[in-house]
Amino acid sequence: MTDFNKIERKWQEEWEKNKIFEVKKDLNKKKFYCLEMFPYPSGSGLHMGHALNYTIGDIYARFKRMQGFNVLYPMGYDSFGLPAENAAIKAKKHPKIFTNASINNFIKQQKSLGLSYDWSRIISTCTPEYYKWNQYFFLKFLEKGLVYRKKAAVNWCPKCNTVLANEQVHDGKCWRHKDTDVEIKHLEQWFIKTTKYAEELLEDIQKLEWPERIKVMQQNWIGKSYGTEIYFEIIKPDGKKEKWPIFTTRPDTIYGVTFMVISAQHPRLMELVTDEQKEEVEKFLKKLKSTSAKDIETLEKEGAFTGSYAINPLTNEKVPIHVGNFVVAEYGSGMVMAVPAHDQRDFEFAKKYNIPIKVVIEPDAYSLNPKKMVRAYTQQGHLINSGGFTGMNNLDAIEEITKYLEKKKLGKKTIQYKLKDWLISRQRYWGTPIPVIYCDKCGIVPVPEKDLPVLLPEKVKFGEGNPLATNKDFIETTCPKCKGKARRETDTMDTFFDSSWYFLRYCDPKNNEIPFDKNKVKYWMPVDQYIGGAEHACMHLIYARFFTKALRDLGFLDFDEPFKRLFNQGMLHGEDGFVMSKSRGNVVLPEEVSKKYGIDTARLFLVSVASPDKDVQWSENGIEGSLKFIKKLFNYFENIKLSKSSERVESKLNKTIKEVTEDIDNFRYNLAVIKLRKLFETFEEEISKETLETFLKLMHPFCPHITEELWHKLGNTTFISLEKWPVADESKINEKFEEQEKIIENTVSDINNIVKIMRNKGKKAEKVYLYVLPNEIDIYNKQEIEKRTQLAIEIFSVADKNKYDPENKAKKAKPNKPAIYIE
């Protein structure tokens, strides 16, 4: 019996020993950069769902390598972040120990999958060798004015005495202290000016060879909208007046404004709250449980009157300013004009708090009574109660009212983006320290480049506020400018910063002098094929695109986009039908699969079931089918007679080369596997060594270990991994054989159906008799039909007087459809 496990280990060791997947810049070869989104190394390790993702990338990398490309296919670990910190706190271990153990386990598991990574380029974001360059880029952005500091709303747990990520807020409570209400606090935070690139990020989406839905998601996330900025005068509690620009896409409704709403997270909110209203506003604010934009959308609309008023510039009416939980602080100025008659959200709020409703758009067919309205009127119509614009179509009024506002210097036409500046401050430990020093005399002072990296201290206390703030030796420092006493920034960077440029570091991972050599990056970048989940559409993929453009403008790069092509893999579901995950308890581990079936069997099964961008369900029956095929393959090679391949096999082989090449190139792995299995079915007892070698090359990306083994069994001493990909000789493709194959396929299908009927009736099928028309006798290959049906076959011409035909079936034979008798 073949020991697949032993074969796998043997070839993995050989590949590693000979460093066959290590690559260097080679100007004589065309490069191909294939990359999967690097993983967060969780303590639970890999399951077969992860294996599917990496197998998709490995198939592609092996294919391109065999096509003669100089393939860069690296692996690394996104090893900073909250999950490691939380897990380490639970396990009472330092995050560093926890993370390194997880990484070592990942490496072992990934190597066992037979992945052809260049392991010499491995990176881990939690090492000073990596995060030094995070700090370096932060300083470069700061120099360029792309980094700034401002107050922002955060989730705060009074028991932990720390900021919580949105993911750590569960139903308004702290994830760690389920009895503690989360509060909203305003803290000074560091931001990156991603909005500076909003227009270019939007424009360049069209250049990308990405799935359409991802492009649409990015367009919506950036969210360009054309509108009007209207200057409302705000009367503050002290009587002072201040003009605020209020963004709206509906200037046609300005005459219907009956109140304003300021975001509950607005840093200047309390400036507008009068002493009389302070208690009510604070009571309302205490009810807020999250800063998440997603939560803001789904919450019941609530608010409170601030006590302040705004003056409508066109009506001079004084309208009240309410604080509300449905306005995002970063939208325009963080305050919106509310028109309850023509906006459903405003209508609900007005009804709840008894605020007047004023109709300014009416349909042509009937009139609206604000007292009897049960919902906002949001359709087209003509203006009423709108001064000199009354009677105008409301769509025409958008342009006319904007022109009037511009003429009177009361507003202007503008563009607004939903994309916000990137808040990168995290009041947590396991991340890159922000390289900034605070000096009472000099203010905010960047850490000099020569002093990088600012090392993450090992000794900190968890559960007492910001962990870095618990290390006195870390905090207390001297000012680089005046040499006086100073203190370090205790926030760390959002880990999306780490993953926004890691693909550049792979090009030159061991460079200690600079983040990467420009010439190496120029050779390898951009990434030709990026592979990863669709869930990263609007965070990682936008940040990585921003980073590339910002580094280009800083002179580090000479291209605009990091990833040429993007492929989103499907999810692997367990046998219970749910996505495979540790929390569901439905995971299948690669180690168990390898022991039972061999990892090549699993690789073949995972990509056979469906197209790699579709979800796949794990099935023991399915993998048994793949194992059966691989065993059949081995048996065939054991008993082969090397000779000359028939014309029929040559034709099928070249047609398969052509189609499989196209299928792999377009990630149609499932179709490629079907065609390879069909090709194998046509193999005869006598076949040429060249045909077998070509077949093994075509199979290699899917089953790298067994093809390496069988390649050497044929007497070869090179690695099939580095062999040339076959090229089809189209002159050998004969469509006549294709037609014949279809006839055989149909015949096999007919036989199997009859056998199934017999079994259902409790009868056993042992021998099959086929009766074919005399001119078609050469089409039917006895050996091949026997191989496909696993039954003994006898073939007769209907004209054969000596044929065995006890039930006179021969008379039913038709062109391309033989008569069948089974006993």
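**View 1. Helix H3 and strand S6 at the largest cavity of this predicted model.** Helix H3 (82-91) and strand S6 (162-164) each put at least two residues into the lining here. H3 gives the most, with 4 residues. In total, 17 residues line the largest cavity, and Glu 85, Ile 89, Thr 162, Arg 176 and Arg 428 are the ones that lie nearest its centre. The space inside comes to about 130 Å³. Counting everything of 30 Å³ or more, the model has 3 cavities.

**View 2. An open sheet of 4 strands.** Reading across, the order is S2-S1-S26-S27, and the pairing is parallel. The edges belong to S2 (70-72) and S27 (563-567); each has a single partner strand, so one side of each goes without a neighbour in the sheet. On average, neighbouring strands are turned by 25 degrees against each other, direction ignored.

**View 3. Where S1 meets S26, and the helix across S26 and S27.** Strands S1 (residues 31-36) and S26 (residues 527-531) run parallel and are joined by 3 bridges. Look for Cys 34, which stands opposite Gln 529 in S26. Helix H15 (residues 540-553) lies across S26 and S27, and runs at about 170 degrees to S27.

**View 4. Phe 141 in the largest nonpolar core.** This core has 86 residues, and the members touching the most others are Tyr 33, Phe 138, Phe 141, Phe 497, Tyr 502, Phe 503 and Leu 504. Setting aside neighbours within four places in sequence, Phe 141 is in contact with Leu 146, Val 147, Ile 192, Phe 497, Phe 546, Phe 547, Ala 550, Leu 551 and Leu 554. Another core, of 84 residues, lies apart from this one, with Phe 4, Phe 32, Val 593 and Leu 679 among them.

Terms used: Residues numbered from 1 in each chain as written. Predicted model: local features only at pLDDT ≥ 70, side-chain atom pairs only at ≥ 80, totals over all residues. Heavy atoms only, no water. Pairing = 2+ DSSP bridges. Axes fitted to C-alpha atoms, helices over the stretch in contact; angles between N-to-C directions. Contact = heavy atoms within 4.5 Å. Core = buried A, V, L, I, M, F, W, Y, C linked by side-chain atoms within 4.5 Å. Buried < 20%, exposed > 50% of the residue type's maximum accessible area, 1.4 Å probe, protein only. 1 Å grid on protein atoms, 1.4 Å probe; cavity = no way out; pocket = protein on both sides within 12 Å on 5 of 7 lines; lining within 4 Å. Points joined across faces, edges and corners; volume = space filled by probe spheres on them.
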